[in-house]
Amino acid sequence: MSSVFLAMVAPPSTAFAEGADPSWASCSAQTVTVTVSATDPTPYTVRGRLCTTADSLRGARTVELFVSGLTYDHNYFNSPAQPNTYSYVYAATSRGYSTFNIDRLGVGLSDHPPSSKLTLQSHAYVIAQIVQKLRTGVIGGISFVNVVGVGHSFGAAILQYLAGTTTNAAARPDFLVLQDFLMTTYAPGLAVLGSALYTAASDPAFASAGLDSGYITTMPNTRGTAFYRTAGAEAAMITMDESIKQTGTLTERSSLGAARNPAVTLAITVPVLITVGQYDTFYCDEPSGLTCATSAAVKTREGVNFGPRACLSTYVVLDGGHATGFHIKARDSYNFAHSWVDKYTINPVKDANGCVA
């Protein structure tokens, strides 16, 4: 079965490859027409890959929607290298869940609007449309009962913002798995990332793509320092990460903080699982009191920002940095997440807040 997205326009870069489809799922390329706001009627195309399973308790009812982080695309959730170890798509479908792994607008094979149109808010508006179309069967012909939003970093911020701001229940994911995005940041770690970013047009991978000056990417050979705990990762995976890097925008970075507004997080009324790398330098620094040593410690840090209906759970990826999906213990976090989703979607016994034990 082909593992290549169907493209109506040429992507800005062809320097990346996609992980092969899992043999136990039925996968197909999908295109979704969206707009970026209620006041901008310009149509844009999001491209993704839908993998479905016939599991009557899982894949026939529940789909996991993957939303990648800044400078990542669909490859983050379906690793081209060692997918049995690193691919979230493999982990989900082998458990029996269906998946929809997209390229956000501005990365990979999806359309690249003017960079100024790509903000946290516009991405949330787009994801809301995709969630609704997954529910109604517009995407792939299956009307899913449950949509699990799985986001990494900026992707987690998008899902968190959407869940805390939308007034349309059909546009809100039923459950959130938020990877590597915490409320309190560690400024020196973020400064390392800031110093690694430059205009995408300056990078050989994107120089001929025609992207405007608001598109950014990481300088060559900086991702290991910014995104990894090298003791917990294979060198080959860091090399691969460099080869599949994508872009972000200045407006995505400047709008990101809106997802950390306590008024947003306290308004979330669906169950939330937060996972984070033990040594994620964007959020974790023991001497500064920003501990990520244990799941309990992270829950203590984050719990004050969420209400009782968020049913907050947490998980720490031991020896993980920021890109936990490409660290050696990634599959442990996927297994934990799927046990958590099982509890909520397969004959759950809930308390008054909708939480399961």
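Author: Both faces of strand β11 are covered: Ser313, Tyr315 and Val317 on one side are buried, and so are Thr314 and Val316 on the other. Here buried means under 20% relative accessible area, exposed means over 50%, and partly exposed lies in between, with a 1.4 Å probe and protein chains only. Strands (E, at least two residues) and helices (H or I, at least four) are DSSP runs, numbered from the N terminus. The model is a predicted one, in which local features need pLDDT of at least 70 and side-chain atom pairs count only at pLDDT 80 or more, while totals for chains, interfaces and linings use all residues. Residues are numbered from 1 along each chain as its sequence is written, and side-chain values use heavy atoms, with hydrogens and water left out.

Strand β11 covers residues 313-317, and five of its five residues are buried, so β11 is largely enclosed by the rest of the structure. Its partner is strand β10 (residues 272-277), which runs parallel to β11 and is joined to it by five bridges. Two strands are said to pair if DSSP finds at least two bridges between them. Within this pairing, Thr275 has Tyr315 of β11 as its bridge partner. In general, strands of a sheet pair through backbone hydrogen bonds, either parallel or antiparallel.

Strand β4 (residues 98-102) may be viewed next, and five of its five residues are buried. Ser98, Phe100 and Ile102 lie on one side of β4 and Thr99 and Asn101 on the other, with both faces covered. Strand β3 (residues 62-67) pairs with β4 in the parallel sense, over four bridges, and Glu64 has Thr99 of β4 as its bridge partner.

An open sheet of three strands has the order β7-β8-β9, with antiparallel pairing. Strands β7 (197-199) and β9 (248-249) stand at its edges with a single partner strand each, so one side of each is left without a neighbour in the sheet.

Among the helices, α7 (residues 235-243) contains Asp241. Asp241 has 0% relative accessibility and counts as buried. Leaving aside residues up to four places away in sequence, Asp241 touches Tyr72, Arg223, Tyr228, Ala323 and Phe326, where contact means heavy atoms within 4.5 Å.

Turning to the whole, the protein has 11 helices and 11 strands. Its radius of gyration is 18 Å, close to the 21 Å that the globule rule gives for 357 residues, so the protein is as compact as a globular protein of that length. This radius is taken over C-alpha atoms, and the globule rule is 2.2 Å times the number of residues to the power 0.38. The C-alpha trace spans about 55 × 50 × 40 Å along its principal axes. Of the 357 residues, 61% count as buried. Among contacts with a separation of 6 or more, 75% are between residues 24 or more positions apart.
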